[in-house]
Amino acid sequence: MLQLIPLITGILVSLTAAYLRIGLRLWTAATAVAILGAGLLAGSHWLAILLPLLGFAAITVPLNLPGFRRARISAPLLKIYRKVTPNLSETEQTALEAGTVGFEGQLFSGKPDWSELLGQARPELSVDEKAFLDGPVEQLCSQINEWQISHELADLPEDMWEYLKVNRFFGMIIPKQYGGLQFSALAHSAVLQKIASMSATVASTVAVPNSLGPAELLLHYGTEEQKNYYLPRLADGREVPCFALTGPYAGSDATSLPDYGIVCKGEWEGGNVLGVRLTFDKRYITLAPVATIVGLAFRMLDPENLLGDEEDLGITLALIPRDTDGLEIGRRHFPLNVPFQNGPVRGKDVFVPLSQLIGGPEMAGQGWRMLVECLSVGRAISLPSNATGGACAGVAATGAYARIRKQFGLAIGRFEGVEEALARIGGLTYATTALSRATAAAVDRGEKPAVPSAIAKYHATEWGRQICTDAMDVHGGKGVILGPSNYLGRSWQGVPIMITVEGANIMTRSLMIFGQGAIRCHPYVLEEMQAAALPDYGDRLRKFDDVLFRHIGFGFSNAVRSFVLGLTHSKIGSVPGDAYTRRYYRKLNRYSAALALVADTSMLVLGGKLKFKEKISARLGDVLSYLYIASSMLKRYEDEGRPVSDQPLLAWAFHECTWRMQMALDGVIRNFPNRFVAFKLRALVFPLGRREVPPSDRLGHRVAAIMMAPNEARARLISGAYMTPTENNPIGRMNALLPEVIAAEPIERKFLKAVKTGEVGGLDFEAQIADAEAKGILSSAERKLLEHVRSASFEFISVDDFESEELRAAVKKKEPKSLRSVA
């Protein structure tokens, strides 16, 4: 055994060096010294020392000789790499270069630098932004009548349209110099959250002009003339914008647009000018029916070479005024009974001058780059904020309803089946709000968060769907009977819209998150691709050699870290946090290493085929997503001062994330095409098997309890929603009634016990409660409280009913155009 000590010591030191990510030369020296020193101290035979040293030298000496390493190792590998690595198309390259990398890059590193996350400033609203939320936004929410909007008008009331314009709701992202509000992304998000807690229709109406408006495009790429003319008019609502991208044949894939514009001369405002004659067919365009200015994506063609030698100039963006000849606009789609303005935009031979191209003629063909650079910002705010607002309202409504609604003399929230749904609503809302805040903060830091925005869009809307489903289940009949008193039905109907728009969730999960993340967030993959594409062979080999061996060391380190952290079940490692959260940071260290290892292995073994293994890509994307979401929750916990009362919410959401990470990694390994590699991966990633479990019933009980009673944690959780108990806000009124409901519960139990035992007589509630007071079972004050709570609660458990004539369509509709055209 003594003779093996040098070898064992060398292996242990090498593994430790890999775990700690010590550089190649230091690793070489440290391991050699360790082998020699251990052998001498143990009195090992000289051969037991010499043989491990020689074997180690045979491996490490070539690696430490750059010239030899490049010629004998890197050059052949570079040749293979250039053959097997798929070339990025111009559109893919543009998409990759459009975004920036923030903390998500650390999560792909296998060893996150938590100081980078925790060193970020806490997101804060300015005084003006708080005043806007407390003033115009509060006033807007007090005016919203969702039944009137969705059932009676199928639109916002005229005075609400005017209110939105006058108060510059459409100009939140426009600088003050152009008459806008110049709000931060955090404020933009907070406004949408609050509105969405009342009406998805109003929230969508406000969101679109502040997203891909086209104000965002004009701000970044417009000419000075375009900015000076359009931005003030967009800010104050004189212009209502829409952006037409999606079409019947290409969806939102701008690279495959069949819509085109031919460069030619034509008439414009009394003159003959150079421009483009456009033919297009777009659908699902939000605000199109009421838009006064249409942003359009199309392929620009110059067959007569009027602008230069190129015939196909590529994707280009233009602005088309509503009154332009040939523009067909105004008809509406009806998306699942949620009547935000949405409809088709069509045109044949529509002429606009080159001055209407966004950015002018110089930006012809730059439309794809413009879109991907701006889409990531809009995607990070609009839908995540809407989903978050709905989730906050779901917590307030369902928690209060579960306490108010009684079955068998017990609040329904006390039943374990309902408690399970409440726990999901509370835990997922905590995660969703943290995620939405994180992406907004990233935008405010100047990032273009391409990967986080895809994560936020997918998971916020998917969790919004789950929260709405659980809320509907708890409300039962109250949720399914539509009418003025139903505050859930339209949200339930509208959930699939969030899932579908701005890139369908199936595509976002299976193609975008890991597809971009694997290259953008990985510390070496993009560098390797760029190195392999260098024109000069000498530069190419030197750069590739440098990145390759850093990548190899990175992969070896992640294999060791994944195994060690799995073997110790994330019990070791220096991390930040308090006594409660350190274990969480350690778990994320483990899964960061596991993600990096499995992703590297997948890219190495599958190569270009990984692009088509969408299920594997989706699961790897899930791991990255849950790492990002869990990190966002820990940042939220720190920013809010580590509130003890929030710990059940954090714990539930965190365990849900880690369990899902584990199952996603297990799914990759179980379905990995190379079974030998899969066996090795399982041994490294799950050396003790799958040990993560979903949140426990006990933890779920604590989360449900938070939701059903007024407390600091609940108040923070629903802070993004409109909770003022106005006439138009049943959730706010129900929330305000909750303390009285709780105060009345012991009185109600005493009263019901007396009724059950026969101490109190009478056939109905009024007679029984009068008898209870007369017999001294209830005091006068107790009787008044019980009567008040029963009367007030009746509104919230009641549902609407109608005369048959009220449910008939008031006007016989024409046959839809699409059906007429088919016929």
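The legends below describe close-up views of a predicted model.

**View 1. Helix 10 and its buried side.** Helix 10 covers residues 158–166, and its buried residues are Met160, Trp161, Tyr163 and Leu164. They span an arc of only 160° around the axis, which places them on the same side of helix 10. Glu158 and Asp159, on the other side of helix 10, are exposed. The packing partners of the buried residues are helix 8 (127–143), helix 9 (146–153) and helix 12 (200–207). Arginine 168 follows helix 10 and has a positive phi, near 60°.

**View 2. Helix 19 and its neighbours.** In helix 19 (residues 489–500), Gly489, Arg490, Gly494, Val495, Ile497, Met498 and Ile499 are buried. These buried residues pack against helix 9, helix 15 (367–404), helix 17 (450–475), helix 18 (477–480) and helix 20 (505–520). After helix 19 comes glutamate 502, with a positive phi near 55°.

**View 3. The largest cavity.** The structure has 1 cavity of 30 Å³ or more, and the volume of the largest cavity is about 200 Å³. Its lining is made of 21 residues, with Leu117, Gln120, Ala438, Ser632 and Lys635 nearest the centre. Helix 16 (416–444) and helix 24 (614–639) are the elements that contribute two or more residues to this lining. Helix 24 gives the largest share, 6 residues. By type, the lining holds 10 nonpolar, 4 polar and 7 charged residues.

**View 4. The salt bridge between arginine 437 and glutamate 640.** This pair is part of a structure that holds 38 salt bridges. The side chains of arginine 437 and glutamate 640 meet at 3.4 Å, N to O. Arginine 437 is partly exposed at 25% relative accessibility, whereas glutamate 640 is buried at 18%.

View 5. Lysine 543 and glutamate 527 form a salt bridge, with their closest N and O atoms 3.2 Å apart. The pair links helix 22 (residues 537–567), which holds lysine 543, to helix 21 (residues 525–532), which holds glutamate 527; the two residues are 16 residues apart. Lysine 543 is partly exposed at 33% relative accessibility, and glutamate 527 is partly exposed at 23%. A network of salt bridges links Glu527, Lys543, Asp546 and Arg550.

**View 6. The salt bridge between lysine 750 and glutamate 782.** The closest N and O atoms of this salt bridge are 3.2 Å apart. Lysine 750 is in helix 29 (residues 730–757) and glutamate 782 in helix 31 (residues 780–797), 32 residues apart. Lysine 750 is partly exposed, with a relative accessible area of 35%. Glutamate 782 is partly exposed too, with 22%.

How values were computed. Residues are numbered from 1 along each chain as its sequence is written. This is a predicted model: local features need pLDDT of at least 70, side-chain atom pairs count only at pLDDT 80 or more; totals for chains, interfaces and linings use all residues. Side-chain values use heavy atoms; hydrogens and water are left out. Buried means under 20% relative accessible area, exposed over 50%, partly exposed in between (1.4 Å probe, protein chains only). Helices (H or I, at least four residues) and strands (E, at least two) are DSSP runs, numbered from the N terminus. The arc is that of the directions from the helix axis to the C-beta atoms. Contact means heavy atoms within 4.5 Å. On a 1 Å grid over the protein atoms alone, a cavity is a set of points where a 1.4 Å probe fits but cannot get out, and a pocket is an open set with protein on both sides within 12 Å along at least five of seven lines; lining residues have an atom within 4 Å of a point. Grid points are joined across faces, edges and corners, and a volume is the space filled by probe spheres set on the points. Ala, Val, Leu, Ile, Met, Phe, Trp, Tyr, Cys and Pro count as nonpolar, Asp, Glu, Lys and Arg as charged, and the others, Gly among them, as polar. A salt bridge is a side-chain nitrogen of Lys or Arg within 4 Å of a carboxyl oxygen of Asp or Glu.
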